Amino acid sequence: MPTKSALETQLAVVAGFDAPRADLEQYPTPPDLAAHVVHVADLNGDVENRTVVDLGTGTGMLALGAALRGPNRVVGVDIDREALETAVENRVRVGTTTEIDWVLADATRPPLRPEGPTTVLMNPPFGAQRGHEHADRAFLSTAAEVADVSYSIHNAGSREFVEAFTEDEGGEVTHAFRATFTLESQFDFHGEDSKDIETELYRIEWT
Ligand SMILES: C[S@@+](CC[C@H](N)C(=O)[O-])C[C@H]1O[C@@H](n2cnc3c(N)ncnc32)[C@H](O)[C@@H]1O
């Protein structure tokens, strides 16, 4: 298996959002964090020969990372057409030949039912913006419906909520990691040039 750092290098060419929308919490997953998520998923046998669905794919970062690790196919879902246009361009930059379907749809209303073993990878909106509270709950709900395993990034302090939600759905949190990523300033309300964001990554098996 190629190394995590090789994957990070391959993902470093992925371009960010052209005109990021704060209401959709459009910030790119940094290549190091994306490589970490995909590499851990691959080590657990959750990428190769499976369908991988990236909910809220944005720039396509997680979908493209998965595409480089031998899945059967990849589906990237986003509600924003412009984001998907960026993802299409990023696919060319990354140069993968894996089949990828870019789907314009609301990820909180399960837009697809893949057949066979399916993994969801996602960095959903955390629900930080007014009107989007609990956005990650609806994304988890979709993961529970379409996948048998998911990897999701949440803001720090989500453990109680994620575990309770998973238990209610009859699933199990099998791994939990902490990860810090640097969010470059891209919205007017971001006063600083960049900010470190503490996050949590969960692997969940859905039944
Ligand atoms: C935190 S960003 C993650 C982006 C992506 N993982 C990346 O690295 O570029 C959240 C993404 O979810 C998308 N999104 C927000 N609400 C959505 C919804 N209801 N259905 C589908 N996508 C949504 C946004 O457009 C955005 O691309």
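Which helix and which strand each supply at least two residues of the shell around the ligand? They are helix H3 (61-67) and S2. The structure described here is a predicted model. Its strands include an open sheet of seven, with mixed pairing, and helices H4 and H5 are placed against strands of this sheet.

- The seven strands of the open sheet follow the order S3-S2-S1-S4-S5-S7-S6, and their pairing is mixed.
- Strand S3 (100-104) and strand S6 (172-184) form the edges, since each of them pairs on one side only.
- From one strand to the next, the twist averages 20 degrees.
- Helix H4 (residues 81-94) packs on the sheet, where it touches strand S2 (73-78) and S3. The direction of H4 makes about 170 degrees with that of S3.

**Pairs of strands**

- S6 and strand S7 (residues 194-205) run antiparallel and are joined by 12 bridges. Within this pairing, Phe181 has Ile197 in S7 as its bridge partner.
- S5 and S7 also run antiparallel, with seven bridges joining them. Here His154 stands opposite Glu200 in S7.
- S1 and S2, by contrast, pair in the parallel sense, over five bridges. Asp54 stands opposite Gly76 in S2.
- S2 is mostly covered, as five of its six residues are buried.

**Helix H2**

- Helix H2 (residues 31-43) consists of 13 residues. The distance from its first C-alpha to its last is 18 Å, close to the 18 Å expected at 1.5 Å a residue.
- The buried residues of H2 are Leu33, Ala34, Ala35, His36, Val37, Val38, His39, Ala41 and Asp42.
- The elements that cover these buried residues include helix H1 (4-11), H3, S4, S5, S6 and S7.
- Just after H2, Gly45 takes a positive phi of about 75 degrees.

- Helix H5 (residues 135-146) lies across strand S1 (51-55), strand S4 (118-122) and strand S5 (149-155). It runs at about 165 degrees to S4.
- The 12 residues of H5 should span 16 Å at 1.5 Å a residue, and the end C-alpha atoms are 17 Å apart, so the two values agree.
- Ala135, Asp136, Phe139, Leu140, Thr142, Ala143, Ala144 and Val146 are buried in H5. These buried residues pack against S1, S4, S5 and helix H6 (159-168).
- Ala143, which is found in helix H5, is buried because 29 other C-beta atoms lie within 10 Å, and 20 or more are required.
- Leaving aside residues up to four places away in sequence, Ala143 touches Leu55, Val120, Met122, Ser150, Ser152 and Trp206.
- Ala143 and Gly116 are 27 residues apart in sequence, and their C-alpha atoms are 14 Å apart in space.

**Pro111 in a loop**

- Pro111 is found in the loop between S3 and S4.
- Pro111 counts as partly exposed because it has 17 C-beta neighbours inside 10 Å, a count between the limits of 12 or fewer for exposed and 20 or more for buried.
- Not counting residues up to four places away in sequence, Pro111 touches Val77, Val103, Ala105 and Asp106.
- Pro111 and Ala6 are 105 residues apart along the chain, and 32 Å separates their C-alpha atoms.

**The shell around the ligand**

- There are 22 residues around the ligand, and Thr29, Gly56, Gly58, Thr59 and Met61 come nearest.
- By type, the residues of the shell divide into 10 nonpolar, eight polar and four charged.
- At least two residues of the shell come from helix H3, and at least two come from S2.

Note on methods. Residues numbered from 1 in each chain as written. Predicted model: local features only at pLDDT ≥ 70, side-chain atom pairs only at ≥ 80, totals over all residues. Pairing = 2+ DSSP bridges. Helix = DSSP H or I, 4+ residues; strand = E, 2+ residues; numbered from the N terminus. Axes fitted to C-alpha atoms, helices over the stretch in contact; angles between N-to-C directions. Contact = placed C-beta atoms within 7 Å. Near = placed C-beta within 6 Å. Nonpolar A, V, L, I, M, F, W, Y, C, P; charged D, E, K, R; others polar. Expected span 1.5 Å × (residues − 1).
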